[in-house]
Amino acid sequence: FRTLDTLAPQGQKILLRADLNVPVRDGIISDLTRIERLAPTIKELADKGGRVIVVSHFDRPKGKPVPEMSLAPISEALARILGKKVTFVPDCIGPAAQDAVAAMKDGDVLVLENTRFYPGEEKNDPEMARALASLADIYVNDAFSAAHRAHASTEGVAHHLPSFAGRLMEMELGALEAALENPERPVGAIVGGAKVSTKLDLLNNMLEKVDMLAVGGAMANTFLAAQGFSVGKSLREEEMLDTARAIMAKAEGRGCDLVLPVDVVIASDFMAGAPTEIVPVSEIPDGWMALDIGPETVALLTEKLRKLKTLVWNGPLGVFEMPPFDTGTNAVAQEAARLTKAGKLRTVAGGGDTVSALRHAHVLHDMSYVSTAGGAFLEWLEGKVLPGIVMLGETAHDVAPL
Ligand code: 3PG
């Protein structure tokens, strides 16, 4: 795909699809990572004389203007991070946007209002795509984390303008490529989370790519139940037992080492401060639930990690939000971080709760790469072709490592 290396921004109007969908609590942005990672692309384009028109969705306003979902406050945060004036325009298409673009000078930065204020965005309405495209000469997509959505601003617009990948997009694709498409082996994956049903495609695809697959979180309970263990009142999906068995059989057939917990931390109630015990997975009593992996499983996993060269991590291994059930996730994450810092392991993490879990374990910055994407990271791990990337030239799976 085409990167900014092949783009001459001087004097060009550049429609930059960013992902400004940042977490906001009580009106305050609680995590600026996405904005910080986007800043180099904007700086590069503006410093080279481009006129940068930033578009993004924010939250899910369902095709109507919702004042609390305006990008206005987020554009202020962007201006602070860039150390540069950013003009906010309260519409993303139509006369207000057109006038603001017409008044731009080389090096200026605009942020347009939330694209999802129009129903045409999520419908990928060709009219909406054309209206966005008509604002600019060039399209740069830097929103890997929204690339799994075929929306007007992520996919449709690229049919009308020469399209390029921004620096963050390039970095995300390079890191994922190096981890899964062309990894240094042995390569392993840690997949945690609550449900097998939501990670079925992911597990099946991972099995084909990795040498070791460790399953944790409540998902592991479903596998344990499928093996015939009684899991008490642990969260699990009874309807997925056959599926879990099929996954185990597939792993065996492919020579993929599928690692499940051998011991667990159990509690009688799902609450902080509830009494806990550590038991082998064969001894989970009725009325108790598994909420974390136990110390023997931690030892087993850390030993497996030491044999790997590459690790992909998605999802926590226990209820990390509620200590002491963060112990297992913390310990394994800290070992992954130690090995990574020592240059022995390349660790790529991302998706959903993973970033919070690694931050909670104080190792977020010790991984080789942490993706800012949630759903897009998962779809990538599922082996899907992401519509926002297809339009940048070739499919992402053909991208060469950085
Ligand atoms: C994300 O936060 O994962 C992306 O911004 C996509 O948001 P969405 O799930 O609302 O499409």
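How many residues of strand β15 (residues 310–314) are buried? In this predicted model, five of its five residues are buried, and the strand is mostly covered.

The neighbours of β15 were examined next. Strand β9 (residues 187–191) is joined to β15 by five bridges. The two strands run parallel. Within this pairing, V312 of β15 stands opposite A189. Strand β16 (residues 346–349) also pairs with β15, through four bridges. The sense is again parallel. Here T310 has R346 of β16 as its bridge partner.

The domain assignment divides the protein chain into domain 1 (4–169) and domain 2 (183–381). The centres of the two domains, taken over C-alpha atoms, are separated by 36 Å. Eight residues from domain 1 and six residues from domain 2 make up the contact. On the side of domain 1 that touches domain 2, three residues are nonpolar, three are polar and two are charged.

The nonpolar interior was then considered. In soluble globular proteins, nonpolar side chains tend to be buried together. In this model, the largest nonpolar core has 136 residues. Those with the most contacts inside this core are L15, L16, I53, V54, L132 and L213. Helix α6 (residues 167–181) gives the most to the core, contributing eight residues. Both domains take part: at least three residues come from each of domain 1 (4–169) and domain 2 (183–381).

V54 is among the core residues with the most contacts. Which residues is V54 in contact with, leaving aside neighbours within four places in sequence? The partners of V54 are L16, A18, V109, L110, V111 and L112. One of these partners, L16, is itself listed among the core residues with the most contacts.

D19, N21, R60, S145, A146, R149, G374 and G375 are the residues around the ligand. By class, this shell holds one nonpolar, four polar and three charged residues. Within the shell, D19, N21, R60, S145, A146 and R149 carry numbers that fall in the bounds of domain 1 (4–169). G374 and G375 fall in those of domain 2 (183–381).

Key: Residues numbered from 1 in each chain as written. Predicted model: local features only at pLDDT ≥ 70, side-chain atom pairs only at ≥ 80, totals over all residues. Core = buried A, V, L, I, M, F, W, Y, C linked by C-beta atoms within 7 Å. Buried ≥ 20, exposed ≤ 12 C-beta atoms within 10 Å, placed from the backbone. Domains from an automatic or database assignment. Contact = placed C-beta atoms within 7 Å. Near = placed C-beta within 6 Å. Nonpolar A, V, L, I, M, F, W, Y, C, P; charged D, E, K, R; others polar. Pairing = 2+ DSSP bridges.
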